[in-house]
Structures are given as C-alpha cells and as structure tokens.
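These are my notebook entries on one protein chain. I set down each term with its cut-offs when I first need it.

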Amino acid sequence: MKIGNLFDGSQAPAAGERFEPLLSHRNLVVERILSSAAIEPVEYVQPQDEWVALLQGEATLEVAGESFELRSGDHLFLPAGTPHIVRRVSQGALWLAVHLHPSAADAAAD
C-alpha cells in the first residue's frame, strides 16, 4: 500500500488543465485535475458517469446548457452522455473526478 496526498505537487499548469490518474480499478477511475485560469472551453460528452468535486478554487460549469457556479467543497454528478464545459476557473483550482465506466455486463444489457 502507498499513501498519497491530493495536495502534493498541486502546482497548476501555466495554461490549460492537467489530468492525473490516481486510481484505476476495474471500471472505476479516480483522477486529480489541476486547472489554470488560462483555459480554452472544451465541450466534453463522455460515455461514463462522472462525479466531480472542486476541492480548491472556483469555477463556472455549463452542464447541458445550464450554468453552475462552484466553489471549494461543491460537487456535481454528470451522468454519461451529458455535455459539459468548464467556462471559467480560478488559477490553481483543484478537482477530484470519479469516473464510473460501463462494465461488460452493463454493455451486454444495452
């Protein structure tokens, strides 16, 4: 076993965002996201469910056309296939994202 710390090495990139996988197990992926205030808004539409928590900073997310203002401690569930865009983020924002990918059994049931 190895202990990690979400805040170690949490220097934000000069521009954009840095995505760092912390855990990948079966159909679960946990990642740390470090954001620069200098971002280009990108629309994400993912095949997996995602739960995201803003641990540090502030952000504006557009989810399925609706705007959400987040501050430290806020979290949000994004069902698979939901379009979302990070419109604005404070320098050094730190996120924790949990992705739940469909399992083979889920795919077979569809």
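**Entry 1. Terms and overall form**

I began with burial: a residue is buried under 20% relative accessible area, exposed over 50%, and partly exposed in between, with a 1.4 Å probe and protein chains only. By this rule, 35% of the 110 residues of the protein chain count as buried.

I noted that this is a predicted model, in which local features need pLDDT of at least 70 and side-chain atom pairs count only at pLDDT 80 or more, while totals for chains, interfaces and linings use all residues. Residues are numbered from 1 along each chain as its sequence is written, and side-chain values use heavy atoms, with hydrogens and water left out.

I then looked up the secondary structure, where helices (H or I, at least four residues) and strands (E, at least two) are DSSP runs numbered from the N terminus. The protein chain has 1 helix and 9 strands, and their order along the sequence is β-β-β-β-β-β-β-β-β-α.

For overall size, I used the radius of gyration, taken over C-alpha atoms; the globule rule is 2.2 Å times the number of residues to the power 0.38. A compact globule of 110 residues would have a value near 13 Å, and the 14 Å of the protein chain agrees with this. The C-alpha atoms fill a box of roughly 40 × 40 × 20 Å along the principal axes.

I also looked up contacts, meaning heavy atoms within 4.5 Å. Among contacts between residues at least 6 apart in sequence, 64% join residues at least 24 apart.

**Entry 2. The nonpolar core**

A nonpolar core is a set of buried Ala, Val, Leu, Ile, Met, Phe, Trp, Tyr and Cys residues joined through side-chain atoms within 4.5 Å. Which residues touch the most other members of the largest nonpolar core? I found that, of its 15 residues, these are Val52, Leu54, Ala59, Leu61, Leu76, Val89 and Trp95. Two or more core residues come from each of strand 4 (49-56), strand 5 (58-63), strand 7 (75-78), strand 8 (84-89) and strand 9 (93-100). In soluble globular proteins, nonpolar side chains tend to be buried together.

Is Glu31 buried or exposed? Glu31, in strand 2 (residues 28-35), is buried. I found no salt bridge for Glu31, a salt bridge being a side-chain nitrogen of Lys or Arg within 4 Å of a carboxyl oxygen of Asp or Glu. Its side chain does join that of His99 in a polar contact of 2.8 Å. A polar contact is a pair of N or O atoms within 3.5 Å; within protein, one must be able to donate a hydrogen and the other to accept it, and residues adjacent in sequence count only if both atoms are side-chain atoms.

Glu69, in strand 6 (residues 66-71), is exposed because its relative accessible area is 56%. Its side chain makes polar contacts with the side chains of Thr60 at 2.9 Å and Arg88 at 3.4 Å.

**Entry 3. Positive phi**

Most residues other than glycine have a negative phi. I noted Arg26, with phi near 55°, in the loop between strand 1 (17-25) and strand 2. Ala64 has a positive phi of about 50° and lies in the loop between strand 5 and strand 6. Arg26 counts as exposed at 77% relative accessibility, and Ala64 counts as exposed at 57%.

Note on methods
Lys and Arg count as positive and Asp and Glu as negative; His and the chain ends are not counted.
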